[in-house]
Amino acid sequence: MDDDTRQFKESNSQEFSDDAIRRFLFGRLSAAEQATFEEYLFTGESLEARVRLAEFDLADDYALERLSAADRKAFEKKFLLSAERTRQLKVSTALRDRFASTATVAAPAPKVATASISERLRFLFGLNQRAWRLAFGVAILVVLVGMVWLWVKEPRIKGGIKAGIFNRRAPVPAPSAPRMAEHSNNASSIPEHRITPLAMPPHEPTASPVILSVELFTDAPRDHAQIPLIDLPKGEHDIVRLQLALKSNETGTFRAELLTINDQSVFIAQSLLSAGRDSGKVAFNVPAALLKTGDYRVSLSRADDGSKRSVASYYFRVR
Amino acid sequence: MSPAKKLQTLKQEDFDRLLAWLDPDPGRAGILYERIRWRLIAILASRGCAIAEELADEIIDRVARRVVDIQPTYVGDKAIYFLGVMNNVHHEYLKRPIMPRLVEIVDDGNEKETTHLCLDKCLDQLSPHARQMIEQYYAENKRAKIDLRKRIAAEFGISLNTLRLRALRIREKLQTCIEQCLEA
């Protein structure tokens, strides 16, 4: 066995060197070497496994441009001759595109670690794959559409959100209930409190004032049993309209003064005109709230001749 | 017309007979068939045959047709028989006129993208340890191969040769996974 053959075989176990394997793949073995190599390749499983791995290594070197010009030529002419090796090169190219960088040897290890951390984050959510990126985007879109749909279709949600916003901004309401009791009898008091801007306090509906029309005559009896009786309306804005019948259809301008039985003036109405030549009445309105239970007298006098002459008196009782 | 073209198309029964001759178990027979075919291609390519795959199939066809005759009396490593037929086919090939080799170069962007997608998928199937090794093994430039591999080997606490073998075995797994993914 010559020196070449000894170098060709690393040991008595007849293992072949990595260089010999690569030369085999390039077709650069001598005739003797080739025959021996082929025989062992067909009969030895270990050499077969090493040659298979060496094929990947060579494809990687080609893809990463580590081969010399001569080796690149030999690769294209002698190695790339089967569909399987073409597929190997495609995967090597894909690995190069995926991982190879232009960093220098001096690049510190943390730089590689940083890249791997970001890569791990991408892989954590599967965003390295287009399909997962699409799915993630569609999921976000569905969530957004669902939120908009709920906002539009569910007014309770909208109202609840608005109530939550306004409650944070509403002023503190003033206290109210005790004063109303104290002034319940005061017809002129106005409710002073409001609970919140949204929760409007209940109020009585605004209704037209009741007008109680009462016709009084001068010859009406004054005694207690037969004096005209009036039941006042209860509303604070209600009206009692007093119609005073005139004697002999008098016309002109009159003045009427409402007095208590003790001649205390309650109300005065001036420039009263009779309703018409044929009606023989003058009328004026008195707020019902001014009248209390008791007897009243209306003194009618003329107001157009400056005399203020008393024309008639009219009596009624509020019960 | 080359001798190979004169051969009849291999019949299914001949192929089944070949597999049965290689090994009674169909699974093992299939593996043996692939390994023999791979060896034939590797050797023929190393000998400079431009149509190594075609010649390897021709060799297998001839052996399959001869199994009927040799099966009763053949003794020894059956793979060696292929070597003999290979030499004959190679001699016939060398006598043929040299035909220009047609190389079709197709830049299929879709296939490249699909390959990348399959690569990502297959990388996800690796263990974190294997994934890290592959990432570091391929993250190098043209000039830094040995230095970087020494550093990686030191990090993993293994020899340079062990690193190379482990990385290439992972590479082999990736190759198989990607090819299966592409066929799917």
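Two strands are said to pair if DSSP finds at least two bridges between them. Helices (H or I, at least four residues) and strands (E, at least two) are DSSP runs, numbered from the N terminus.

This is a predicted model, in which local features need pLDDT of at least 70 and side-chain atom pairs count only at pLDDT 80 or more, while totals for chains, interfaces and linings use all residues. Residues are numbered from 1 along each chain as its sequence is written, and chains are lettered from A and ligands numbered from 1 in the order in which they are written.

**The sheet of chain A**

In chain A, 3 strands form an open sheet with mixed pairing, in the order β1-β3-β6. Its edge strands, each pairing on one side only, are β1 (211–216) and β6 (281–287) of chain A. From one strand to the next, the twist averages 20°. Strand β3 (residues 239–245) of chain A runs parallel to β1(A), and 6 bridges join the two. V214(A) has L242(A) in β3(A) as its bridge partner.

**Helix packing**

Two packed helices are described by the angle between their axes and the distance between the axes. Axes are lines fitted to C-alpha atoms, for helices over the stretch in contact, and angles run from 0 to 180 degrees between N-to-C directions.

| Helix pair | Angle | Axis distance |
|---|---|---|
| α2(B) and α3(B) | about 100° | 8 Å |
| α2(A) and α4(A) | roughly 70° | within 10 Å |

Because angles of 65 to 115 degrees count as roughly perpendicular, this description applies to α2(B) and α3(B). It applies likewise to α2(A) and α4(A).

Residues are in contact if their C-beta atoms, placed from the backbone, lie within 7 Å. In chain A, D18(A), I21(A), R22(A) and L25(A) of α2(A) meet R50(A), V51(A), A54(A), E55(A) and L58(A) of α4(A). This contact comprises 5 nonpolar, no polar and 4 charged residues. The classes are nonpolar (Ala, Val, Leu, Ile, Met, Phe, Trp, Tyr, Cys and Pro), charged (Asp, Glu, Lys and Arg) and polar (the others, Gly among them).

In chain B, helix α2 (residues 12–22) packs against helix α3 (residues 26–46). L19(B), A20(B) and L22(B) of α2(B) make the contact with P26(B), A29(B), G30(B), L32(B) and Y33(B) of α3(B). By class, this contact has 7 nonpolar, 1 polar and no charged residues.

**The interface**

Between the chains, 41 residues of chain A are in contact with 44 residues of chain B. The largest share of the side of chain A that touches chain B, 10 residues, comes from α6(A). That side divides into 20 nonpolar, 9 polar and 12 charged residues.

Conventions:
Angles under 35 degrees count as roughly parallel, over 145 as roughly antiparallel, 65 to 115 as roughly perpendicular and the rest as oblique. Two residues are in contact if their C-beta atoms, placed from the backbone, lie within 7 Å.
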